[in-house]
Amino acid sequence: MNEEQGQQGTGTGGDFEEHLRELLTEDANAIRPAPVPYPAIRRRGTIERRRRVAAAGAALVTLAAMPVGAYALAGGEGGGNTVASTPPAGTAPRTPATPSAPPAGPARPATEDQLLDGITFGQAVDGLEKCLAYDRSHTRGPSGFRTDLGAAEEYRIILAMNSTGDSNAPGDGMHVVAVKERPKQTRLICNVKDGKAKGLNTSVGSDDVPGAGPVTADLSGGKLYRQSVLDRGNWKLPFRWGVIGTVEPSVARVTVSYGGATSRAALDHGWFVASGVLNRQVTVAPRIKGYDADNKLVYDSDEDENYEKRLP
């Protein structure tokens, strides 16, 4: 290589380097990234934050709307969160059934033996209601006073039995006896014939008399165990009879003997109720005896000065 060629190579090389630097400078300007779009990024971040806030709010609303107790912590080892069963959406929550109130009406007798001759409790209730209606429609006395006997649901029916017509009150029917304790002790003997109330005897207040024993026969109870005095010695037989009265708590058993037969009375909330059927004429009233829990005789109507021992 001569000197001229070396100088040319050196010159050429210098030009090349200078040209390369120019090209690199141009390319650097050509590939310089565009300015970062900060306003667009800021808007996108704002929108994303709003979406996240809205989603979090919706989640809070969902949790607030869930019923209390929807989640329960399981007890015992290895327990975890369990979801309790919930009714489907739109289904009203079930409420526990409440027991229905008992129907209004008089109370039943203590034993079924107090409903005699095939008379049902419903028939006895119907008879009681008719007699109370009869009393309410009855004309007041000259003084304008008449005791209000109250409503049927205030009473307890203690006896229902067939009634036998006689010369004083012809026609067979049904006797219903009912009592109540408040506001005053009240007892009524009702007679129903052909579906209508035909007679009503009432007693308001206690029949107890000074010196009375632990057993007291009802003063008007003779209507249940005798026929009219007009028919004395000529009663219609067979004859269904009944005897009622009050007893003290110390009395555990009461018996009634009538026409040669003895019946054990039912004890019903301070009352005794006995019944039977006569097949022959009688002139002596029923004999009543009371016994305590030790079977000791504590009352005998034959020794009671206030008790009528013979029939009129």
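Predicted model: local features only at pLDDT ≥ 70, side-chain atom pairs only at ≥ 80, totals over all residues.
The structure contains one disulfide. It is formed by Cys-131 and Cys-190, whose sulfur atoms are 1.3 Å apart. The bond connects distant parts of the chain, since Cys-131 belongs to helix α3 and Cys-190 to strand β5, which spans residues 186-193. The two cysteines are separated by 59 residues. Cys-131 is buried, at a relative accessible area of 1%. Cys-190 is likewise buried, and its relative accessible area is 0%. Because the limit for a buried residue is under 20% relative accessible area, the value of 1% places Cys-131 in that class, and the value of 0% does so for Cys-190.

The loop between β2 (81-83) and α3 (121-137) includes Gln-114. With a relative accessible area of 1%, Gln-114 is buried. Its side chain takes part in a polar contact of 2.9 Å with the side chain of Thr-111. A polar atom of the Gln-114 side chain also lies 3.5 Å from the backbone nitrogen of Ala-110. Apart from neighbours within four places in sequence, the residues in contact with Gln-114 are Pro-109, Ile-158, Leu-159, Ala-160, Ala-266, Asp-268 and Val-273.

Asp-117 is situated in the loop between β2 and α3, which is also the location of Gln-114. Asp-117 is not a glycine, yet its phi is positive, at about 60°. Its relative accessible area is 36%, so that Asp-117 is classed as partly exposed. A positive phi of about 55° is found at Asp-194, again a residue that is not a glycine. Asp-194 is placed in the loop between β5 and β6 (196-204). Asp-194 counts as exposed, its relative accessibility being 76%. Such backbone values stand out because most residues other than glycine have a negative phi.

Two cis peptide bonds may be described next. One joins Arg-182 and Pro-183, with omega at about -5°. Pro-183 falls in the loop between β4 (173-180) and β5. The other runs from Leu-237 to Pro-238, and its omega is near -5°. Pro-238 is located in the loop between α4 (222-225) and β8 (239-247). In general, most peptide bonds are trans.

The count of cavities of 30 Å³ or more comes to three. The largest cavity has a volume of about 70 Å³. Its lining is made up of Arg-226, Gln-227, Ser-228, Val-229, Arg-232, Trp-235, Val-282, Thr-283, Leu-311 and Pro-312. By class, five of the lining residues are nonpolar, three are polar and two are charged.

Notes
Residues numbered from 1 in each chain as written. Heavy atoms only, no water. Helix = DSSP H or I, 4+ residues; strand = E, 2+ residues; numbered from the N terminus. Buried < 20%, exposed > 50% of the residue type's maximum accessible area, 1.4 Å probe, protein only. Polar contact = N/O pair within 3.5 Å; in protein donor to acceptor, adjacent residues only side chain to side chain. Contact = heavy atoms within 4.5 Å. Disulfide = S-S within 2.5 Å. 1 Å grid on protein atoms, 1.4 Å probe; cavity = no way out; pocket = protein on both sides within 12 Å on 5 of 7 lines; lining within 4 Å. Points joined across faces, edges and corners; volume = space filled by probe spheres on them. Nonpolar A, V, L, I, M, F, W, Y, C, P; charged D, E, K, R; others polar.
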